[in-house]
Amino acid sequence: MKHIETIAVIGAGTMGHGIAETFAIHGHDVRVYDPDPAMREKALSAIRSELGLLVETGQVAAADVEGILGRISYAGELETAVAAADFVIEAIPEDITLKRALFANLDQFCAPGTILASNTSSLDLQEMIVDLPQARQADCMICHWYNPAHLVPLVELSDFGGTAAAQLERVEALLQSCGKKTIRVLRNLPGLIANRIQQGIAREVFALIEAGAASPEDIDNALKYGPAFRYATTGQLEIADFGGIDIWCAVGDNLLPQISAAQEANDLLRRKIAENKLGLKTGEGFFHYGEGRSVEVRATSTSD
Ligand SMILES: NC(=O)c1ccc[n+]([C@@H]2O[C@H](COP(=O)([O-])OP(=O)(O)OC[C@H]3O[C@@H](n4cnc5c(N)ncnc54)[C@H](O)[C@@H]3O)[C@@H](O)[C@H]2O)c1
């Protein structure tokens, strides 16, 4: 197998900077393209500050920081960023028109055999690459990281459509060498696997808040100290096996008719949005965030 050596990350926002940082930490040269100079600047300072936290927690040696930063270069031209790349991953806004245009440009600028990956959370791979020649489509895939990309191990890879098996194996090898846990998603399902599981949990959590079932603190504690405590080490299917499938069947029959089956986001979220209570970024969501709490949460939290 030919190892991936040269990497380009397209889009230097929330996900792009963390993806570039991960590759650089693990010894890879990365070129980052973003058309917005302010975002390129912001990415550099975010990476510097996150590396500082990794040094504080003993995950990166202080002596390695400048070397890691030096492996990341920033480009204002797409063509420059992707020239000679073995692997290109895009993390531009979740907009099908933008992504389709980007893939068309990548097809122009990248050598045959370059792997073209999308970090999309919800868009259809085939729709993004429909205009590309068939041979190029075999080099395209979804490669979905979790936020913060430099901390969360999971990366979901599409193993449906026409992606060549050898290209998928090269990406798996690259990500595993960076300490990532990859899974293969076998069916073309919006949201892939992990986001669907998470939305199932979130739907019931928001419904419980709406019903006044417990305080926000206690609902989050019920999750953190109960199911999530087990989920940290044990998957749902293992939990079903350990508890007994007969028990899970009986409890499911009793409980599932009682819990939320909502087909859209809870109205509670729309009311919060109308009040500009968007969470950490506006200082209030379900909880209040003063400056101290905000810094602490940013350092430890994960989202989508
Ligand atoms: N934010 C998350 O938690 C998260 C998690 C997993 C996956 N994703 C997915 O990752 C992708 C990026 O999300 P994000 O949150 O990092 O977005 P973001 O808005 O933080 O960053 C997007 C970046 O892309 C740049 N950009 C805009 N148009 C561009 C173009 N044509 N070419 C190159 N760069 C361009 C912007 O300047 C910006 O810096 C989306 O597909 C999103 O669904 C996001």
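Visitor: What should I know before I start?

Guide: This model is predicted, so local features need pLDDT of at least 70 and side-chain atom pairs count only at pLDDT 80 or more, while totals for chains, interfaces and linings use all residues. Residues are numbered from 1 along each chain as its sequence is written, and side-chain values use heavy atoms, with hydrogens and water left out.

Visitor: How many helices and strands are in the protein?

Guide: Helices (H or I, at least four residues) and strands (E, at least two) are DSSP runs, numbered from the N terminus. Here you'll find 15 helices and eight strands.

Visitor: What does the radius of gyration say about the protein?

Guide: That radius is taken over C-alpha atoms, and the globule rule is 2.2 Å times the number of residues to the power 0.38. For 304 residues, a compact globule would come out near 19 Å, and the protein's 21 Å agrees with that. Along the principal axes, the C-alpha trace spans about 55 × 45 × 40 Å.

Visitor: Which domains does the assignment give?

Guide: Domain bounds come from an automatic or database domain assignment. In this protein they are domain 1 (7-185) and domain 2 (194-301). Their centres, taken over C-alpha atoms, are 29 Å apart. Eight residues from domain 1 and five residues from domain 2 take part in the contact, where contact means heavy atoms within 4.5 Å.

Visitor: Is Q137 buried or exposed?

Guide: Buried means under 20% relative accessible area, exposed means over 50%, and partly exposed is in between (1.4 Å probe, protein chains only). Q137 has 9%, so this residue is buried. Q137 belongs to helix α7 (residues 134-137). Setting aside neighbours within four places in sequence, Q137 touches Q126, I129, V130 and L132. D107, in helix α5 (residues 96-109), is buried too, at 19%. With the neighbours within four places left out, D107 is in contact with L132, P133 and R136. Across the protein, buried residues make up 39% of the 304 residues.

Visitor: How many salt bridges does the structure hold?

Guide: Side chains of opposite charge can pair when their charged atoms come close. The cut-off is a side-chain nitrogen of Lys or Arg within 4 Å of a carboxyl oxygen of Asp or Glu. The structure holds twelve of these salt bridges. One of them joins K99 and E90, whose closest N and O atoms are 2.9 Å apart. K99 counts as buried, at 1% relative accessibility, and E90 does as well, at 0%.

Visitor: Which residues form the nonpolar patch on the surface?

Guide: Patches are made of residues with over 30% relative accessible area and no salt bridge: like charges are joined within 9 Å, nonpolar side chains (Val, Leu, Ile, Met, Phe, Trp, Tyr) within 5 Å. Accessible areas come from the Shrake-Rupley method with a 1.4 Å probe, and for residues only the protein chains shown count as cover. The patch here consists of I247, W248, V251, L255, L256 and I259, with about 550 Å² of accessible area together. I259 lies in the loop between α13 (245-255) and α14 (267-274) and is partly exposed, at 32%.
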